[in-house]
Amino acid sequence: MNKNIEALYQIAQKETKRIIGLMSGTSLDGLDIALCEISGSGVNTNVKLAQFETISYSEEIKTEIRKVFAQKNIDFQHLVLLNEWIGLLHAEMVNETLEKWNIPSSEIDLIASHGQTVLHAPKFLHQQEKFPNATLQIGDGDHIAVKTGIITLSDFRQKHVAAGGEGAPLAVYGDYFLFGKEGENRIMLNIGGIANFTYLPSDIKNEDTFVTDTGTGNTLIDLFVKNYFFDKSYDKDAEIAKQGTVNQDLLVNLKDNAFFKKGFPKTIGQELFNAEYVELALSKSNLTNITAPDLLATLTRFTAETIAEAILFAVENSSYKIEDFKIYLSGGGANNPLIVKWLKELLPCSFFKSNDLGINSDAKEAILFAVLANETVAGGDFKFNSVKIPSVTMGKISFPD
Ligand SMILES: CC(=O)N[C@@H]1[C@@H](O[C@H](C)C(=O)O)[C@H](O)[C@@H](COP(=O)(O)O)O[C@@H]1O
């Protein structure tokens, strides 16, 4: 037997596996590295977060990725080079972090790497009948396996697409396994660059469970903060938006897109929610001179209202009332006091942070990929009863030699 297959076979039988989850979101802020100790699988999965670190992306890395990110026309060679380079960089970041933690690589069983999304194109976006849903994450897993010496699972989203999904959101697999609770109506709401939520009703018959994107999270807010203020990368504590007034005309035009009328589950990215999207809404509203605070107040309201409307729609189509739900927040938007204030006004239910469930909310998405890798190597028996969630294990396996 190939010794790597033998090693994988041994790892699969370990009671507790040490798996490093890697996630770098579309906000391009950096690489989240979560060292997880995982036992069990499926709904019996137990995760302990042993270590967590975020390695910020340098301006150079951000600039190189932005040359291809979420764009239709790019320098093809640059994309090919980036695929290798991001793999190498992520491997180096893991090695440096293990050194910092004083943990030898031989003590790590697996790495689960999300990679860097460069284009997310569900059918809704590309609109070409003969082509399926499509999404592409780069940063090849072979580089990570070879450079760290650790068996690496990567490219998780393709199996989801192959099984009929849009390749996202994958959050439901972690949310259902770790946070689904009989007797409690929960919504796990992640407000990252793009916002998504997992719907976990209390009878936890998994045919009712689903996950969906709601639209923009922080991405448009961050984009325009950077446009107006060279020294800022986000609206810290909503300080700028709080000084502005929501422009109702602009808000109506921002919400006027077929994405918001589409049923669940649905996914989207910065391919739609970008500067042109806002410029079109501004011109439809005949606004040539909106102030930065008014624009940011309106964009912040756009995020809050589209999240709230999607959640209300999900609940109205069930036998529950919104008052029966607990919402658990994660992602950068959970730290935006204006988004949270407006969500509380629009959604009369109770609010918590996913930290209240014992999971560091910053690490939540990196942990998800560790859980998915655990499922591929040591689980795979669990089936969702819902056509909305493909029951597949995900990730391709790379060996170090
Ligand atoms: C296609 C794609 O890459 N989707 C991600 C989305 O992935 C999560 C893990 C999911 O699939 O459930 C993430 O939540 C969001 C957060 O953004 P960040 O705040 O981390 O930048 O970014 C992107 O939409």
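Lys341 counts as partly exposed at 45% relative accessibility, where buried means under 20% relative accessible area, exposed means over 50% and partly exposed lies in between, computed with a 1.4 Å probe on protein chains only. This is a predicted model, in which local features need pLDDT of at least 70 and side-chain atom pairs count only at pLDDT 80 or more, whereas totals for chains, interfaces and linings use all residues. Residues are numbered from 1 along each chain as its sequence is written, and side-chain values use heavy atoms, with hydrogens and water left out.

Lys341 forms a salt bridge with Glu345, the closest N and O atoms being 3.5 Å apart; the term requires a side-chain nitrogen of Lys or Arg within 4 Å of a carboxyl oxygen of Asp or Glu. Both residues belong to helix H13 (residues 337-346), where they are 4 residues apart, about one turn of the helix; helices (H or I, at least four residues) and strands (E, at least two) are DSSP runs numbered from the N terminus. By the salt-bridge rule the count comes to 21.

Another of these bridges brings together Glu107 and Arg18, at 3.2 Å from N to O. Because Glu107 lies in the loop between helix H3 (76-101) and strand E4 (110-121) while Arg18 lies in strand E1 (residues 16-24), this pair ties together parts that are 89 residues apart in sequence. Glu107 is partly exposed at 39% relative accessibility, and Arg18 is likewise partly exposed, with a relative accessible area of 22%.

Turning to the rings, the structure holds 24 aromatic pairs, a pair being rings of Phe, Tyr or Trp (its six-membered ring) with centres within 6.5 Å, called stacked if the planes are under 30 degrees apart, edge-to-face if over 60 and tilted for the rest. The rings of Tyr199 and Phe210 have centres 5.4 Å apart and planes at 35°, so this pair is tilted. Since Tyr199 lies in strand E8 (residues 194-200) and Phe210 in strand E9 (residues 210-216), the contact ties together parts that are 11 residues apart in sequence. Tyr199 is buried, with a relative accessible area of 3%, and Phe210 is buried with 5%.

Phe382 and Phe384, by contrast, form an edge-to-face pair, 5.0 Å centre to centre with 90° between the planes. Here Phe382 is partly exposed at 21% relative accessibility, whereas Phe384 is buried at 8%.
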